[in-house]
Amino acid sequence: MTARRGVPVGKLFGTDGVRGLANADLTPELALALGRAAVGVLRDQAGSGPARPAVVVGRDPRASGILLESALVAGILSAGGDVLAAGVVPTPAIAFLTRHYGAAAGAVISASHNAMPDNGIKFFGPEGFKFPDAVEERIEAALAHPDHGAPRPVGAEVGGLLPTADDAVEAYLAHLLEGIPDLDGLEVVVDCANGAAAEIAPEAYRRAGAKVTAVAADPDGHNINAGVGSTHPEHVQAALARTGASVGLAHDGDADRLLAVDEHGTLVDGDVILAICALDARDRGEL
């Protein structure tokens with residue numbers, strides 16, 4: 001990997017965006033350049049569409065998130081894009097909110113289940129799906145160009161922060177509740193991995209009628225995924241045994257994956273959860 005003006009150039013995007021050791025591999029300089037390059041590509045794609053693409057930006061609570069968020073947002077604004085700042089929200093929330101607000105793209109700053117020192121940046125298109133490989137390749141290519149292939153507007157043409165995302169959490173909770181049946185007092189343990197779902201996940205289940213015990217729901221920027229969450233299901237298994245609840249649910253740091261534990265303490269992995277959802281949808285004629 002070579003460098004141009006402090007920004008590495010080469011294969012950056014993996015399966016889940018750009019990831020690495022925060023402030024070492026994934027630097028604020030790179031985050032700023034990615035913001036500029038992404039807006040440049042979005043403006044090229046828009047053609048006769050909006051000249052100021054709006055990008056929804058969210059993050060998980062790890063300590064480096066504010067550093068990288070500040071740089072990414074600065075890059076977007078510098079290239080003439082607008083930002084809807086959603087704050088600390090799960091990765092799936094950014095996918096939903098990008099569609100909800102009619103934004104040109106979404107970006108989440110998170111390294112998912114990785115340890116706290118890592119971080120990442122992942123982009124979503126307007127439909128709420130991850131950027132196609134071809135778009136990511138265009139962004140990578142733009143990093144090698146002067147000014148990262150993006151304009152440098154001045155005056156009133158510089159991007160701005162939009163107030164629309166003030167209702168981001170409530171909008172996402174309403175979306176979740178559309179797909180949750182009445183849980184009618186079901187006792188649930190939710191392991192939030194000290195991550196992005198620490199407030200949203202327990203609240204969603206409570207509003208659906210469950211009796212919720214939230215564990216690992218006190219993020220301090222350093223304890224995300226630390227011996228808890230979906231990579232350490234023994235934590236939610238122990239909590240289930242202590243409380244006598246009917247089901248345990250374990251998220252990872254950005255809440256884009258889930259493991260479950262049944263009332264006997266048996267682990268229920270993602271494949272089984274998908275099968276259960278498919279059978280339920282079939283029985284309701286919605287598959």
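Predicted model: local features only at pLDDT ≥ 70, side-chain atom pairs only at ≥ 80, totals over all residues.
**Helix packing, aromatic pairs and a buried valine**

Helix α1 (residues 28-46) packs against helix α2 (residues 65-78) at an angle of about 35 degrees, and their axes lie 7 Å apart. The crossing of α1 and α2 is right-handed.

**Contact of α1 with α2**
- On the α1 side the contact is made by P28, A31, L32, L34, G35, R36 and V39, while α2 contributes L67, L68, A71, L72, A74, G75, I76 and S78.
- Sorted by class, the contact of α1 with α2 has eleven nonpolar, three polar and one charged residues.

**Aromatic rings**
- The count of aromatic pairs comes to three, and one of them is the tilted pair of F96 and Y172, at 6.1 Å centre to centre with 40 degrees between the planes.
- This pair links distant parts of the chain, since F96 lies in helix α3 (residues 91-100) and Y172 in helix α5 (residues 168-178), 76 residues apart.
- F96 is buried, with a relative accessible area of 10%, and Y172 is buried as well, at 8%.
- The rings of F123 and F131 have centres 5.5 Å apart and planes at 15 degrees, so this pair is stacked.
- F123 is buried at 2% relative accessible area, F131 counts as buried at 4%, and F13, F123 and F131 form one aromatic cluster.

**V188 in strand β9**
- V188 lies in strand β9 (residues 187-191) and, because its relative accessibility is 3%, counts as buried.
- Leaving aside neighbours within four places in sequence, V188 is in contact with A210, K211, V212, T213, A245, V247 and L249.
- V188 and A210 are 22 residues apart in sequence, and their C-alpha atoms are 6.6 Å apart in space.

Technical notes. Residues numbered from 1 in each chain as written. Heavy atoms only, no water. Helix = DSSP H or I, 4+ residues; strand = E, 2+ residues; numbered from the N terminus. Buried < 20%, exposed > 50% of the residue type's maximum accessible area, 1.4 Å probe, protein only. Contact = heavy atoms within 4.5 Å. Axes fitted to C-alpha atoms, helices over the stretch in contact; angles between N-to-C directions. Left-handed = near helix turned anticlockwise from the far one by under 90°. Nonpolar A, V, L, I, M, F, W, Y, C, P; charged D, E, K, R; others polar. Phe/Tyr/Trp six-rings, centres within 6.5 Å; stacked < 30°, edge-to-face > 60°.
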